[in-house]
Amino acid sequence: MAYHIPGGLGEFRGRVAGVVVYRWRQLKLGRSRPGKSSRKPSKDQKRQRSRLGLISRYLSKFVYVVRDGYNTKRMNITSMNAAVKQNFHTAVTGEYPNLKVEDALVQLSKGTLDHVYRPTVKTKENGDITVEWINPDRQKPGVNDHDTVHLVFYSDALRRRQLFYMDDLALRKDDIANVPDTVNYFKGPVHVWMFLLSADGKRPSNSRYLGVFNFIKK
Amino acid sequence: MGKANMDSWDGFIGRVGNTVTYIRMGKVVKRTIGISTKPATKNQKKSRQRVRITNEFISPVKEFINVAMKPEGQALKKTPNDLMLSHTLLNGIKGEYPNQEIDFTKVQFSKGKMPKTPGLQVSQNDAGLEFTWNTELIKNQFRHDDQLMVLVYLPELKNAEFETHAIKRSAGKYQFDMLKEDTPTRMEIYISFMSTDQKRVCDSEYLGQLILPAREE
C-alpha cells in the first residue's frame, strides 16, 4: 500500500502495483516488487548466494565496528554494504559448498589513515592483557597524536556471540592500551583486530588482524 | 574529453544525455558519463588494469605528491594526482596484459624545472639509510636552504615512508631511519629537492633498490 505524505511537495511511499517506492538518504528510489522465482537456482547462483549469505551473516555481528570503520557518507552506499563488498572476494575461502570466512583476512575498516608499527597483543602472567604498538619518529601528513585506537575482540566458540568493541581505550600517542578484564572471560579462541580513526571520526585506517589468542581467566 | 576556454564559454553545466559538463581547475570539461553494458574489449581490459595498478601504486604516496607535484600542477592547471597518474600510465608500467606491473626505475614522484643535484648517493646502515649529495651551489638554481625530499617505497607492504622537508641542502647528508619488519623488505629509493617557498622542485631521482633486513628479536 502506498501512502501520501502531505507537505509542500508531498511524496508517495510504499507499493503501487509492481513497484515499491521509498526514500533512502537524499534519494527517492523505486524498485520492482520482490518476488520468488519458480525456477531452480543454477550452481553459480547457489555459490553466489552462499558466499553473500555467509559474509553478510559474519559481518552483521560487527555492525557497530563497521559503522566506524567504513566511512561512506559521501557514497550512496551503507557502511555494511561497503564492508560486504570489500570482504566478499577476499575473506571467503574454499570452494562451494565448503565455504568459510577466514578471520585473518576479514577487513573491518578501510581507509587511508596511516597505521601504527607492529601492534601486538601481550598477556601477563596474572592475566592482564595489553595491546602495544610503536609510533615512528616521522609522522605522515594527516596523522595526528589524537587519533583514536579501536580494538575488536571476538570469539565464535559459543552460539551466543562474544564481541567486545572498544573505541575509547587509547590514543595513537599512548603506545599502549590496557584491555578490561571482560575479555578474559571469553570462551574459546579470541580473534583481535585493531584500527585507528581520526579525531573527527571521518578517516579510518585499514584494520589489522592481530591474531587469535586463548586468554587466561582471572 | 573536450575542454573549453572559460573566457569564451557561456553554456550549460550539468548532464545532458550521456554527457556531463562541469568546471574543473578553471577549465570547462565535457565528457561522457554512465556505465557501458557492452563487454570490454582486450584493449579496454588492458587500459583498466593499468589504471587500477597505477591508482593502487599512488595511494600510499598521496601526501608526498601533494607537495612534490604541486608547483608543476599549478603551472599546468592539473592536480598532483593527475600528473602522477598521467606520468605513471605513460612511462611507469612494464609487461604485457594481464601481467602488467609498475616499473620502479621509471616512475617519478616529483617534477619540476630545478636541475638535478650531482653526487646523490645512498648507503645502508643499522638504523636505516644514509643519503649524501654534493653541496656545491649553482647560481640562480640551487640555494643552501632547499629542502631534501626522501621517499622509500615498500612494494610488498603496499606502503611508503617519506619526508617532504627532511633537511637543508647545505647539510650534505641525511640519516633516514627505518623500522624493521618481521621479514626482509624490498625498498625502492627516491630523492628530490624543493625550494623553501615550495615553488621550484627537481625531478625525483631513483637511487636503486635495497633490502631492509628483518628485525631481530
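Visitor: What ground rules apply here?
Guide: Residues are numbered from 1 along each chain as its sequence is written, and chains are lettered from A and ligands numbered from 1 in the order in which they are written. The model is predicted, with local features needing pLDDT of at least 70 and side-chain atom pairs counting only at pLDDT 80 or more, while totals for chains, interfaces and linings use all residues.

Visitor: How many residues of chain B are in contact with chain A?
Guide: Five from chain B, against nine from chain A (contact: C-beta atoms, placed from the backbone, within 7 Å).

Visitor: Which domains is chain B divided into?
Guide: Domain 1 (1–34) and domain 2 (121–212), with bounds from an automatic or database domain assignment. Their centres, taken over C-alpha atoms, are separated by 40 Å.

Visitor: Switching to helices, how do α1(B) and α4(B) cross?
Guide: In chain B, the axes of helix α1 (residues 42–58) and helix α4 (residues 80–91) come within 10 Å and cross at roughly 125°. Helices here are DSSP runs of H or I, at least four residues, numbered from the N terminus; axes are lines fitted to C-alpha atoms over the stretch in contact, with angles from 0 to 180 degrees between N-to-C directions.

Visitor: What does that make α1(B) relative to α4(B)?
Guide: Oblique, the class left after under 35 degrees (roughly parallel), over 145 (roughly antiparallel) and 65 to 115 (roughly perpendicular).

Visitor: Which residues of α1(B) make the contact?
Guide: B:Arg50, B:Thr54, B:Phe57 and B:Ile58. From α4(B), B:Asn81, B:Met84, B:Leu85, B:Thr88 and B:Leu89 take part.

Technical notes:
Two residues are in contact if their C-beta atoms, placed from the backbone, lie within 7 Å. Helices (H or I, at least four residues) and strands (E, at least two) are DSSP runs, numbered from the N terminus.
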